[in-house]
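Take a look at the protein shown here.

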Amino acid sequence: MPASILSETDKIQLQSIDLKTADPDSLKDIQDVTIHTELPKKERIQDYIRQIGNPYCYRSGKYIVKTSFANTDLTLEERLLCYFRYKEPPYGTDS
């Protein structure tokens, strides 16, 4: 996530929420968030953070979700494609 979107202090504070003590009513529900894919990446991230409040801890329905992000330009989709290509058995072999 670009440094200009959240300061290091903000990141540490937002990441430090404890799932066991988090108040579900104070967290935004990701089901209420709309990802505006037409926006450039940086603006899309800013809009997402504006909507979700804490990108590291939020609700999905009745569940509290805690996430972390890798410092990379690769997307989850790109990572999963690489993973499944690597895991795919060679053609002509029985598995």
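**Starting from one aspartate**

Leaving aside residues up to four places away in sequence, aspartate 47 touches Thr34, His36 and Leu39. This is a predicted model, so every value here is computed from predicted atoms. Where does aspartate 47 sit? It is found in helix H2. Is aspartate 47 buried or exposed? Its relative accessibility is 12%. Buried means under 20%, so aspartate 47 counts as buried.

Aspartate 47 also has a charged partner. Its side chain meets that of arginine 50 in a salt bridge, with N and O 2.5 Å apart. The two side chains are also joined by a polar contact of 2.5 Å. Both residues lie in helix H2. They are three residues apart, which is about one turn of the helix. Arginine 50 has a relative accessible area of 58%, so it is exposed. Aspartate 47, in contrast, is buried.

Now step back to the whole chain. The protein has three helices and two strands. Along the sequence, the pattern reads α-α-β-β-α. Of its 95 residues, 20% count as buried. Take the contacts in the protein with a separation of 6 or more: residues 24 or more positions apart account for 56% of them.

How many salt bridges does a search of the whole structure find? The search finds four. Another joins the side chains of glutamate 8 and lysine 11, at 3.5 Å from N to O. These two residues lie in helix H1. They too are three residues apart, about one turn of the helix. Glutamate 8 has 52% relative accessibility, so it counts as exposed. Lysine 11 is at 13%, so it counts as buried.

A further salt bridge pairs arginine 59 with aspartate 29. Their closest N and O atoms are 3.6 Å apart. What does this pair tie together? Arginine 59 lies in strand S1, and aspartate 29 lies in the loop between H1 and H2. The pair therefore ties together parts that are 30 residues apart in sequence. Arginine 59 is at 21% relative accessibility, so it counts as partly exposed.

Stay with aspartate 29 for a moment. Its loop runs between helix H1 (8-15) and helix H2 (41-52). Aspartate 29 has a relative accessible area of 10%, so it is buried. A polar atom of its side chain lies 2.9 Å from the backbone nitrogen of glutamine 31. Which residues does aspartate 29 touch, not counting those up to four places away in sequence? They are Ile52, Arg59, Ser60 and Gly61.

Gly61 leads us to the strands. Strand S1 covers residues 57-60, and strand S2 covers residues 63-66. They pair in the antiparallel sense, over four bridges. Together they form a hairpin, with two residues between them. Glycine 61 is in the turn and has a positive phi of about 70°. Across the pair, tyrosine 58 stands opposite valine 65 in S2. In a regular strand, side chains alternate between the two faces of the sheet.

In soluble globular proteins, nonpolar side chains tend to be buried together. Here, the largest nonpolar core has 10 residues in all: Ile5, Leu6, Leu14, Val33, Ile45, Tyr48, Ile49, Ile52, Tyr56 and Tyr58. Which helix gives the most to this core? H2 does, with four residues.

Pick one core member, leucine 14. Again not counting residues up to four places away in sequence, leucine 14 touches Leu6, Gly53, Asn54, Pro55 and Tyr56. Of these, Leu6 and Tyr56 are named in the core too.

How many of the 12 residues of H3 are buried? The number is zero, so H3 lies largely in the open.

Notes: Residues numbered from 1 in each chain as written. Predicted model: local features only at pLDDT ≥ 70, side-chain atom pairs only at ≥ 80, totals over all residues. Heavy atoms only, no water. Buried < 20%, exposed > 50% of the residue type's maximum accessible area, 1.4 Å probe, protein only. Pairing = 2+ DSSP bridges. Polar contact = N/O pair within 3.5 Å; in protein donor to acceptor, adjacent residues only side chain to side chain. Contact = heavy atoms within 4.5 Å. Core = buried A, V, L, I, M, F, W, Y, C linked by side-chain atoms within 4.5 Å.
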